[in-house]
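I set out to look up a few things in one structure and to note each as I went. The entries below are in the order I made them.

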Amino acid sequence: MSSAYFFMTTLGCRVNQYESQAISEALQRQGLVPADGPEQAGYIYVNSCAVTARAVKDLKKTLRRLRVQAPQARIIVTGCAAQIFEEELGALEEVDLVVPQSRKTSILASPFPDPDAGDPGLDYWITSYFRARPVVKVQDGCSRGCSYCIVPASRGAPVSRPPEVVLREIQGLLNRGYREIVISGINLSMYGVDLNTREDFWDLICYLEKNLASEWEDRMRLRLSSLDPAMLDSRGIDIISSSVLICPHFHLSLQSGCTWVLTRMGRDHYHPAKAIFFVERLERTIPFYSMGADFLVGFPGEKPDYFERTLKLTEALPLSYGHVFTYSPRPGTRAARWPDQIAQHVKEKRARELKEVLKHKRQHFTSKLLREDKLRLIMETPYKGMSEYYMDCFIEDQNLGLKPGDTVSAAPYKIQESKLMVEVFSQYW
């Protein structure tokens, strides 16, 4: 163990991953060196998540494991769980310091920040990434106030990064050789609400397109992170359809196919049919694309026929995958206090049913990809790349000398053990 080394563990969302990268770069500027494992580190940082009860359970398990692996290291917990459960985590014998999410940027200035020190006034910034496809955070926080969600308490009010700042960060990553940028935020529909210019998310995308397309068309791509269905209006569809940079892959935060459930969730700002409208309009200009969605099942008061509406919506949409979460009460939220909670075994049964539908959807989409003549991959390992359609593609030829971050063009030719196998025909797009 050496105090000159640090080790980072990140739990949760893409925004956490981005912030961990920014912290890692800041620590290196302070003279620390990334360790290969926790045993070598003098400082261990755990960037935590609190969105589900399981996330907090996993955090505590992680802390116990890290303390066994590195008994002499200083363990610092930050992130959303540190914001919500600061006192509880601070009482754990495994933890040396808790840095709440609201003070996470203090680590940018000091590896073991003084809890009483003021805000250093620093912002996150990355120049590289630990994966081949960097995430760039454009927005933080949320004021939607969904009845089940702990995020407003853990992340605070919406904060948007100005378009010119986002552009500079992306340009820096492109100049370092990265060719796909994932545009991410806590709630992208709230991008711009705090800016004096009142620009929204689609204004940001237009700005990036205007400033990047002439130099980078066919050489890089933007992937949009999770979209609120309310964003899928005619303007959004028009911007997506005319873009030369946006990947033909869209992920929707649907949560439920039942209007009663959505209203009780505090998500009555959109109707489930919005997703159908999006599909019908999009298919007029983009004949082939992939679509994913988030679903939350077992919400308090969700009757069997309400859940059936979610199943029917899932079956009606051309989904290529989906993420299914079972509802878990979060402290301080309205839904946690409601008496009509759903039994755990019922929640798990509904999750299994929905996952089975999504499994068949994915199999169908993978089969459709076999008809494509060309897929553009960003290599993530020497033998696996990510296509523009958010599908992992696998290469059998082990003599190509590919490395993470390389761009290749490949033709799909078979499905083997549920994997899409492709043959590279050009090491360029």
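What follows is my notes on a barrel, a helix and the cysteines.

**Entry 1: the model.** I note that this is a predicted model.

**Entry 2: the barrel.** I looked for the strand order and found that 5 strands close into a barrel as E13-E14-E15-E17-E16, with mixed pairing. On average, neighbouring strands of this sheet are turned by 55 degrees against each other, direction ignored. I then looked up what packs on the sheet and found helix H12, residues 344-369, which touches strand E13 (375-381), strand E16 (407-416) and E17. The direction of H12 makes about 120 degrees with that of E16.

Entry 3: I took the antiparallel case to begin with: strand E14 (residues 384-387) is joined to E15 by 3 bridges. Here Lys 384 stands opposite Phe 394 in E15. E14 and E15 make a hairpin, and 4 residues lie between them. In that turn I found Tyr 390 with a positive phi of about 60 degrees.

Next I took the parallel case, in which strand E15 (residues 392-395) pairs with strand E17 (residues 419-426) over 3 bridges. Ile 395 stands opposite Val 422 in E17, and Cys 393 has Leu 420 of E17 as its bridge partner.

**Entry 4: helix H11.** I checked the length of H11, residues 304-316. Its 13 residues reach 18 Å from the first C-alpha to the last, close to the 18 Å expected at 1.5 Å a residue.

Which residues of H11 are buried? I listed Tyr 306, Phe 307, Thr 310, Leu 311, Leu 313 and Thr 314. Seen down the axis of H11, the buried residues fall within an arc of 160 degrees, so they line one face of the helix. An α-helix has 3.6 residues a turn, so residues three or four places apart point the same way. The face of H11 turned away from the buried side carries the exposed residues Pro 304, Lys 312 and Ala 316.

I also looked up what covers the buried residues of H11; the cover includes strand E10 (249-255), helix H9 (259-265), helix H10 (273-282), strand E11 (290-297) and H12.

**Entry 5: cysteines.** How many disulfides does the structure hold? I found 0. For Cys 49, the nearest cysteine sulfur is that of Cys 80, 6.4 Å away, while a disulfide needs two sulfur atoms within 2.5 Å. Cys 49 is buried, with a relative accessible area of 13%. For Cys 258, the nearest cysteine sulfur is that of Cys 146, 15 Å away. Cys 258 is buried too, at a relative accessible area of 0%.

Terms used:
Residues are numbered from 1 along each chain as its sequence is written. This is a predicted model: local features need pLDDT of at least 70, side-chain atom pairs count only at pLDDT 80 or more; totals for chains, interfaces and linings use all residues. Side-chain values use heavy atoms; hydrogens and water are left out. Two strands pair if DSSP finds at least two bridges between them. Helices (H or I, at least four residues) and strands (E, at least two) are DSSP runs, numbered from the N terminus. Axes are lines fitted to C-alpha atoms, for helices over the stretch in contact, and angles run from 0 to 180 degrees between N-to-C directions. Contact means heavy atoms within 4.5 Å. The expected span of a helix is 1.5 Å times one less than its number of residues. Buried means under 20% relative accessible area, exposed over 50%, partly exposed in between (1.4 Å probe, protein chains only). The arc is that of the directions from the helix axis to the C-beta atoms.
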